[in-house]
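Below are some short notes on the model, for your review. Please read them alongside the coordinates.

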Amino acid sequence: MYLRFGQVVGQAGILHAILIVLLAKTITTLTALSLSAIATNTRVKGGGAYFLISRSLGVEYGGAIGVVFYLAQAVSVAMYVIGFSEAPVALFPGLGLSVREASSVVSTGVFVTVFIGAGWAIRVQYVILALLAVSLLSFFLGALGHLDAGVFRENLGPAYLEGGGFFVAFALFFPAATGIMAGANLSGDLKDPGRSIPRGTLGAIFVTGLVYLALAVTLGGAASRDVLRAEPLVMEDIALSGALITAGIFAATISSAIGSMLGAPRILQALGRDNVFPRLAVFGQGSGPQNEPRRAVVLTFLIAEICILLGDLDTIAPVITMFFLITYGYLNLATFRESITRNPSYRPTFRYSHWATALAGAIGCGAVMFLIAPLWALAAVAVVALLHWTIARRQIIATWGDVHSGAAFERARQDLLR
């Protein structure tokens, strides 16, 4: 949002930027409807997307998605921490720290925050949210003195550079909309997941959608197209206080790092608890009265630290986005199959999801994957297929029902009636 949205508006223009935001939000809203339906269909425990998919499509699908989603979240910690660390290293060269060294320090701080417990980490997130709100307020108030009707008219239409285009700009923006599982990943820590996940997720999509749309219009009216294209920190130049925009960048990256460090271990803990992979069983145990996944937190920290030390995360960034999208696609697919097969155990209390919306969400996620990076999309599908085949070969007998047993039950019932 802070570093790339100006470039999106500069190339796509205000109207296309609005269309990009609406398209991204349509896909995430359809996925959130599917998420809400599954979350209100059963008693949700820890494990987020893994738990919901495995209890719907079966252990093979859930296990494959659980592994890739865990890895995507764990590596994301490193990406966000590096993004956070680049700014202070540039601003304070006297510290004598490299980006890699600063990232290791920040990663350790995130690890300690999450290791203490989810309750403490979420209280820290409230402070970060306040920083983000003040940062955005500073930008919008500062923009009042820069708005120009002539600049607004000039920026209405698109002016893509060579090699650019609508879907290139869409791919640049879409990662800003992929955090919709942050609440569901904490499913085991919520008092009432069936109530909190739908309200929180849909509310978050709505609020961020309004912020992005307001930013598209404001940036388009406050800065020339050339400035928007060339200056990554254009928001800093427009805001009342550039320091508050820098604080907002810090807040956004560290918030995402804490969110991923909170969510990833809970997915691994659920995988270990279900004994999908015997070697992961050790991570299924929790600590303390809140069943904190501290062993999984340690492993997640080590993975993030290895990625920080390796340094070049730009190469694997696209495949992380693919793993997020394929998880959302499977979530929509699970809801579609539950609805279309008339599984008798599928009775969600959330009434705003339909098999058609779930199918549209699944198609949308798949289409976006191949529009953003076709080769990485194929690689992600191949990894999930390999994991699915590996789990299927082990012939794990799950202790829960899924869509396959529900469909078999319904077929038997129909045959008996005939």
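How many helices and strands does the secondary structure of the protein chain come to?

1. The chain has 16 helices and 0 strands; these are DSSP runs (helices H or I, at least four residues; strands E, at least two), numbered from the N terminus. This is a predicted model, in which local features need pLDDT of at least 70 and side-chain atom pairs pLDDT 80 or more, while totals for chains, interfaces and linings use all residues. Residues are numbered from 1 along each chain as its sequence is written, and side-chain values use heavy atoms, without hydrogens and water.

2. Buried residues make up 50% of the 418 residues, where buried means under 20% relative accessible area (1.4 Å probe, protein chains only). The C-alpha trace spans about 70 × 50 × 40 Å along its principal axes.

3. Helix H5 (residues 118–143) has 26 residues, which at 1.5 Å a residue should span 38 Å; the rule is 1.5 Å times one less than the number of residues. Its end C-alpha atoms lie 37 Å apart, in agreement. Among its buried residues are Gln125, Ile128 and Phe139. The buried residues of H5 pack against helices H4 (99–116), H8 (193–222), H10 (234–238) and H11.

4. Ser255 sits in helix H11 (residues 242–274) and counts as buried because its relative accessibility is 19%. Leaving aside neighbours within four places in sequence, Ser255 is in contact (heavy atoms within 4.5 Å) with Gln125 and Ile128.

5. Leaving aside neighbours within four places in sequence, Leu219 contacts residues including Phe5, Phe139 and Ile238.
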